[in-house]
Amino acid sequence: MTEIYATPQNAVHVGTSNAPATALSVRQAKKAYGTRDSITHALDGVSFDIAKGEFVGIMGPSGSGKTTLLNCVSTIDKVTSGQIVVDGKDITTLSKRALAKFRRDELGFIFQDFNLLDTLNGMENIALALTIKHVAPAEIATRVQNIAAALGVADVLKRYPNQMSGGQKQRVAAARAIVGDPKLILADEPTGALDSRSAAVLLETLEMMNQKMGATIMMVTHDSYAASFTNRVLFIKDGRLFNEIRRGTMPREEFFARIMEVVSFLGGEVGHVA
């Protein structure tokens with residue numbers, strides 16, 4: 001069993017003429033905490049690419065570095081060394097002002113706890129992503145209506161978050177994440193606060209955003225079922241890239257089984273069972 005994890009079976013080949021454009025490139029990313037006498041390497045030389053239009057899952061046991069990786073890509077934290085390039089822009093070299101603009105214009109976020117504003121209704125929460133970009137009001141209304149219809153939340157646009165179910169809140173959050181046409185959507189345990197039915201609906205929504213809208217999504221999750229909706233899963237262990245699995249033409253059930261195999265091998269948490 002160990003041998004099948006020694007080297008990813010479908011390794012990424014960089015530089016081929018027919019390779020898709022790269023949305024995210026992480027190169028030898030390291031993140032260290034602590035003092036000189038007691039250093040913790042949360043990331044220890046992680047490198048990978050995510051192509052435009054890919055839906056990639058990041059998995060690993062608690063303390064593996066997956067959350068640190070997400071924080072560094074999202075610019076919440078900064079790598080100690082290495083490069084993180086989004087759509088050709090090295091975000092590790094940006095000034096604070098440029099980082100704020102980058103975060104506003106280039107990234108979309110979906111959080112476990114929704115992060116909707118309680119004082120705004122669904123329409124206003126989604127529109128916020130466009131309002132801060134100074135998009136014309138008439139265009140905002142059209143874009144919000146279109147994305148809400150596509151994600152199945154048009155009927156909750158006038159409701160406030162406390163009037164929505166958990167699944168509705170998360171789909172509104174997904175609509176907010178994609179309405180501004182970001183280069184990369186980052187999802188942090190997006191099914192963590194949902195029941196199994198709402199989680200399935202959200203995952204189908206993310207899959208549709210990827211397949212029909214061309215959204216590039218990087219999702220950190222501990223849930224093998226959630227990961228089975230992605231195109232590819234990267235496994236991190238002890239701050240390093242341990243393995244990857246590509247779905248290819250596999251049925252989702254088979255992909256789920258492959259993911260479960262690696263998670264079991266890692267001794268990590270297996271959450272949802274399909």
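Let's start on the outside of helix 3: Lys96 and Arg97 are exposed, and they sit on the face turned away from the helix's buried side. Keep in mind as we go that this is a predicted model.

Helix 3 covers residues 96-106, and its buried members are Leu99, Phe102, Asp105 and Glu106. Look down the helix axis and these buried residues fall within an arc of 145°, so they line one face of the helix. Note that two charged residues, Asp105 and Glu106, are among the buried ones. And what lies over them? The cover for the buried residues of helix 3 includes strand 4 (81-86), strand 5 (89-90), strand 6 and strand 7 (184-188).

Two of those strands lead us on to a sheet. Strand 4 and strand 5 pair in the antiparallel sense, over two bridges, and valine 86 has lysine 89, in strand 5, as its bridge partner. Zoom out a bit and you find an open sheet of four strands, paired antiparallel, in the order 2-1-4-5. Strand 2 (38-51) and strand 5 are at the edges, where each has a single partner strand, so one side of each is left without a neighbour in the sheet. As background, strands of a sheet pair through backbone hydrogen bonds, either parallel or antiparallel.

Helix 3 also takes us to the largest pocket. Which elements build its lining? Helix 3, strand 6 (107-110), helix 4 (122-131) and helix 6 (166-179) each put in at least two residues. The lining has 18 residues, and those nearest the pocket's centre are Leu107, Phe109, Ala129, Ile132 and Arg176. By type, the lining splits into nine nonpolar, four polar and five charged residues. The space inside comes to about 360 Å³.

Let's finish in helix 4, one of the contributors to that lining, with a look at alanine 127, which lies in this helix. Is alanine 127 buried or exposed? Its relative accessible area is 10%, so it counts as buried, the cut-off being under 20%. If you skip the neighbours within four places in sequence, alanine 127 is in contact with Ile140 and Val144.

Technical notes:
Residues are numbered from 1 along each chain as its sequence is written. This is a predicted model: local features need pLDDT of at least 70, side-chain atom pairs count only at pLDDT 80 or more; totals for chains, interfaces and linings use all residues. Side-chain values use heavy atoms; hydrogens and water are left out. On a 1 Å grid over the protein atoms alone, a cavity is a set of points where a 1.4 Å probe fits but cannot get out, and a pocket is an open set with protein on both sides within 12 Å along at least five of seven lines; lining residues have an atom within 4 Å of a point. Grid points are joined across faces, edges and corners, and a volume is the space filled by probe spheres set on the points. Buried means under 20% relative accessible area, exposed over 50%, partly exposed in between (1.4 Å probe, protein chains only). The arc is that of the directions from the helix axis to the C-beta atoms. Contact means heavy atoms within 4.5 Å. Two strands pair if DSSP finds at least two bridges between them.
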